Amino acid sequence: MSVLFPNLLRGVITATANILLMITLLQPKYSKKVTFLTMLGIISLNLGSATYCYVSGNLTVLAKIDIFLFAILCFAVRPLFKDTFMQWMFSYLTVQNISVTVIVLSFIGSRRLPNPIYANSILRLILFGTILLIMSRYIRPLYRQVVEHWAAYFAVALAIFITFGYYVLFSKNIIVTFTEQLVPLLLLTFIELATYSSIFLSLKNLQQEYRVKEENQKMQAEREYLQLATGNMSERLKLMEEVSAQYSRAAHDRRHFNNMLLEFLEQGESKEAVALLKIQNQSTPKTSKVYCENPLVNAAVSHYSKHAEQSNIRTEIELDIPYDLSVDSLELSMVVSNLLENAIKACSKQSGSKPLAIKFICRNVGRLLLEMENPCPEDTTLDENGYPFTHIEGHGVGSKSVIAFAKKYDGEVIYQIENRVFRVRLLV
């Protein structure tokens with residue numbers, strides 16, 4: 001009776017730690033309350049069998065029964081976890097390997113301490129507590145990845161389990177076996193710790209290498225995007241410069257004409273003034289259509305509407321864009337240029353007798369609501385985020401620029417494809 005309490009104490013520590021390890025390593029499917037009550041039942045059943053062996057004083061039978069009983073009980077509650085059977089099996093082997101390691105180390109350590117029967121329980125509590133703390137705080141995310149790739153590590157876990165199991169299942173006296181086989185058991189424990197440590201370290205290194213590689217690829221993609229965007233920006237700026245130069249030349253010529261007209265009127269030569277006006281009316285080229293008050297957006301729309309006209313694409317443009325905007329006018333003109341350019345390209349890829357047309361409307365309701373609609377090829381698709389997707393290298397920059405503009409001004413951009421009609425709505 002004098003050894004029953006310390007034996008039961010040791011059994012409670014071991015059974016509780018094993019259950020906590022299973023909960024820590026596996027993914028519970030139900031609430032914590034359901035999982036806790038179920039695991040409490042396992043601990044009770046496990047301790048019931050252990051108590052019988054403790055009373056009879058046969059620790060060897062207890063060690064052998066415990067391996068199978070714990071496996072049966074864990075298998076019975078496996079539906080409570082999300083893990084697949086093999087993932088669960090790998091975790092079961094891992095828990096058993098950890099448990100046997102702690103039992104061996106606490107047994108060996110307690111032989112060198114006063115009052116070994118209680119020292120064994122204290123050492124076991126410290127070792128299990130340390131492992132649970134490290135597992136739950138630091139290693140669990142890595143362990144879950146190991147479980148996801150259980151096939152690569154299953155043989156190692158199984159080999160360690162079989163080797164430990166050999167010493168337990170074929171032992172005639174577990175105390176004598178632990179005492180006489182001290183060196184092999186310590187070496188096996190060292191191999192187990194080294195193996196699991198190597199698995200975790202190698203996986204961590206692979207994660208870091210993958211993360212660095214992913215960041216490098218992302219930086220390379222951003223660099224290429226910036227280069228393409230810079231190229232497009234240069235083209236747009238060149239266009240703006242040409243438009244600005246045209247306005248400057250027109251203003252310069254108008255000043256000379258006004259001076260000549262004023263001179264005729266001051267000298268009372270009204271006939272010459274009338275003749276000059278007639279000549280001017282005949283020679284004045286048709287002015288570009290004014291689509292909106294904003295000069296930069298208007299210039300961009302004028303430029304691409306001419307391109308559309310040259311490609312026999314009908315345009316229906318109705319814009320209410322004021323001179324002063326809450327967004328950068330140049331950036332908005334770039335967005336409009338990208339949308340129109342993409343629409344013209346999509347129309348150019350159309351075949352058949354279907355009329356080609358681009359519909360572009362913008363309403364000013366405190367915020368700008370732009371909507372563009374055009375036919376598109378049948379293979380035009382959107383990605384999982386609802387943005388245009390293309391496999392062609394170097395394409396898609398214009399759409400990315402539109403998306404970036406919307407994000408910059410907390411706007412919203414929505415793409416739709418329906419009946420081979422591509423529609424984009426932008427609210428900024």
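## Helix packing

Axes here are lines fitted to C-alpha atoms, for helices over the stretch in contact, and angles run from 0 to 180 degrees between N-to-C directions. Helices (H or I, at least four residues) and strands (E, at least two) are DSSP runs, numbered from the N terminus. Please keep in mind that this is a predicted model, where local features need pLDDT of at least 70, side-chain atom pairs count only at pLDDT 80 or more, and totals for chains, interfaces and linings use all residues. Residues are numbered from 1 along each chain as its sequence is written, and side-chain values use heavy atoms, with hydrogens and water left out.

Let us start with helix 1 (residues 4-25) and helix 3, whose axes come within 13 Å and cross at roughly 25°. That makes helix 1 roughly parallel to helix 3 (angles under 35 degrees count as roughly parallel, over 145 as roughly antiparallel, 65 to 115 as roughly perpendicular and the rest as oblique). The crossing of helix 1 past helix 3 is right-handed (the near helix is turned clockwise from the far one by less than a right angle).

## A nonpolar surface patch

Phe 68, Ile 72, Tyr 166, Leu 169 and Phe 170 form a nonpolar patch on the surface, with about 570 Å² of accessible area together. Helix 3 (59-76) and helix 6 (150-169) each give two or more residues to the patch. Patch residues have over 30% relative accessible area and no salt bridge, and nonpolar side chains (Val, Leu, Ile, Met, Phe, Trp, Tyr) are joined within 5 Å. Areas come from the Shrake-Rupley method with a 1.4 Å probe, and for residues only the protein chains shown count as cover.

Leu 169 lies in helix 6 and, at 33% relative accessibility, counts as partly exposed (buried means under 20% relative accessible area, exposed over 50%, partly exposed in between).

## Salt bridges

With a salt bridge taken as a side-chain nitrogen of Lys or Arg within 4 Å of a carboxyl oxygen of Asp or Glu, the count comes to five. One of them joins Arg 144 to Asp 83, with the closest N and O atoms 2.8 Å apart. Arg 144 sits in helix 5 (residues 116-148) and Asp 83 in the loop between helix 3 and helix 4 (85-110), 61 residues apart. Both Arg 144 and Asp 83 are buried.

Strands take part too. Glu 371 and Arg 425 meet in a salt bridge (2.7 Å, N to O). Glu 371 belongs to strand 3 (residues 368-375) and Arg 425 to strand 7 (residues 421-427), so the pair ties together parts that are 54 residues apart in sequence.

Notes. Patches are made of residues with over 30% relative accessible area and no salt bridge: like charges are joined within 9 Å, nonpolar side chains (Val, Leu, Ile, Met, Phe, Trp, Tyr) within 5 Å. Buried means under 20% relative accessible area, exposed over 50%, partly exposed in between (1.4 Å probe, protein chains only).
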